[in-house]
Amino acid sequence: MSAVTARRAVIKGTGSALPRTKVSNADLAQKVDTTDEWIVERTGIKFRHIAEDDETTSSLATEAARRALEASGMAAQDIDLIVLATATPDQTFPATATTVQDQLGCNGCVAFDVAAVCSGFLYALSVAESMIRAGSAQNAIVIGAETFSRILDWEDRTTCVLFGDGAGAIILSGEETDKGVLSTRLHADGEHNQLLYVDGGAGTTGTVGKLRMKGREVFRHAVVNLSSVLKEALDAAGEDMDNIDWVVPHQANARILDATAKKLKLAPEKVIKTVDQHANTSAASVPLALDTAVRDGRVKAGDLLVLEAMGGGFTWGASVIRY
Ligand code: UT7
């Protein structure tokens with residue numbers, strides 16, 4: 001079903017950035033009690049990028065935003081809103097979005113961070129899209145950026161092999177159109193906030209803390225929540241499963257992507273998978289996967305996309321977009 005014309009937020013460009021250093025499973029196995037076979041079999045991960053000292057969440061975010069701006073043909077000065085999703089801000093405050101704003105040179109516009117961990121990009125997208133639809137913003141940069149390597153416990157092999165660093169960004173503009181963001185559905189359930197968390201914080205321990213996860217339980221919830229929110233967003237957009245061209249999921253584990261596709265009876269070829277190259281980059285993973293698929297020519301103008309993610313909180317969400 002084609003959507004009726006309305007003021008909507010349309011994706012005008014995508015961009016991404018990765019730290020210089022790419023680390024293979026074999027590299028990791030030199031420092032951590034693990035093997036390439038275990039990681040590939042349980043997760044599908046082969047590589048992750050790890051930030052060097054001079055690479056930060058804001059530097060990766062700025063690079064991704066510059067590439068997205070370039071792809072959109074717009075200048076930083078055209079931007080009136082920056083929403084940045086991260087769980088690894090440069091500092092507790094100010095918001096990393098303001099650092100990115102200063103580096104881009106669009107000082108004066110609205111800029112703030114959103115914290116929803118691995119679902120952060122979906123939450124940020126929803127906020128920016130709502131502000132555009134309401135007419136309080138015209139051109140937005142929505143960014144997911146993380147340096148998770150800095151909150152990993154490198155002694156804990158059950159978590160440290162799973163994550164990587166990176167950033168992805170999109171430019172959203174308000175237009176009278178039948179394209180763009182057609183629907184978004186978000187959820188959170190704080191009952192499960194101790195299954196995936198960081199054991200520190202500015203308001204408790206006064207330290208940053210390290211990531212802790214009960215992987216098996218998270219896995220189980222992920223498949224159920226992702227498939228239900230995808231259907232919910234699709235229904236809200238008035239679209240059928242058969243009309244989907246591409247699902248762009250959060251890249252936590254190839255087995256989660258396969259199990260979710262199977263549950264939804266969705267052809268696995270329609271699922272964009274970058275987890276093998278990037279590992280789990282939390283809020284950066286969906287825009288990183290989207291930019292990869294746009295630049296390699298898979299995602300084309302007019303395609304129907306579903307973006308979806310699930311993470312700590314729990315938080316989860318999905319968005320249906322006519323690209
Ligand atoms: O981004 C937010 C969402 N996050 C996720 O979605 C993560 C969801 N969870 C997962 O992806 C999976 O549960 C994991 C990849 C974390 C774990 O896979 P699993 O198949 O659930 O493995 P497990 O935790 O049940 O561990 C199986 C075995 C254990 O050994 P025993 O007790 O069976 O002897 C672990 O000690 O694998 C062992 N193990 C490892 N072995 C080698 C755990 N980590 C490693 C490792 N290398 N890195």
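**Figure 1. The residue pair Glu-308 and Ala-318 in a predicted model.** Glu-308 stands opposite Ala-318 of strand E13; the model shown here and in the following views is predicted. Strands E12 (residues 304–311) and E13 (residues 315–322) are paired in the antiparallel sense, with eight bridges.

**Figure 2. The open sheet of four strands.** The strand order is E8-E13-E12-E11, and the pairing is mixed. Strand E8 (180–188) and strand E11 (246–249) each have a single partner strand, so one side of each of these edge strands is left without a neighbour in the sheet. From one strand to the next, the twist averages 15 degrees. Helix H10 (residues 285–295) lies across E11 and E12 and runs at about 140 degrees to E11.

**Figure 3. The open sheet of five strands.** In this sheet the strands follow the order E1-E7-E6-E4-E5, and the pairing is again mixed. The edges are formed by strand E1 (6–17) and strand E5 (110–114); each has a single partner strand, so one side of each is left without a neighbour in the sheet. Neighbouring strands are turned against each other by 20 degrees on average, direction ignored. Strand E6 (residues 139–147) and strand E7 (residues 165–177) run antiparallel and are joined by nine bridges. Ile-143 stands opposite Ala-169 in E7. Helix H10 packs on this sheet, where it touches E1, E6 and E7. The direction of H10 makes about 85 degrees with that of E1.

**Figure 4. The contact between domain 1 and domain 2.** According to the domain assignment, the chain comprises domain 1 (6–177) and domain 2 (181–322). Their centres, taken over C-alpha atoms, are separated by 14 Å. Domain 1 contributes 52 residues to the contact, and domain 2 contributes 48 residues. Between them the two domains bury about 3,800 Å², of which 63% is on carbon and sulfur atoms. On the domain 1 side, Cys-118, Leu-122 and Ile-151 lose the most area to domain 2, together accounting for 17% of what that side buries.

**Figure 5. Lysine side chains over aromatic rings.** The charged end of Lys-22 sits over the ring of Phe-47, at 4.6 Å from the ring centre. Lys-31 has its charged end over the ring of Trp-154, 5.3 Å from the centre of that ring.

Key. Residues numbered from 1 in each chain as written. Predicted model: local features only at pLDDT ≥ 70, side-chain atom pairs only at ≥ 80, totals over all residues. Heavy atoms only, no water. Pairing = 2+ DSSP bridges. Helix = DSSP H or I, 4+ residues; strand = E, 2+ residues; numbered from the N terminus. Axes fitted to C-alpha atoms, helices over the stretch in contact; angles between N-to-C directions. Contact = heavy atoms within 4.5 Å. Lys NZ or Arg CZ within 6 Å of the ring centre and 35° of its normal. Domains from an automatic or database assignment. Buried area = accessible area lost by both parts, 1.4 Å probe.
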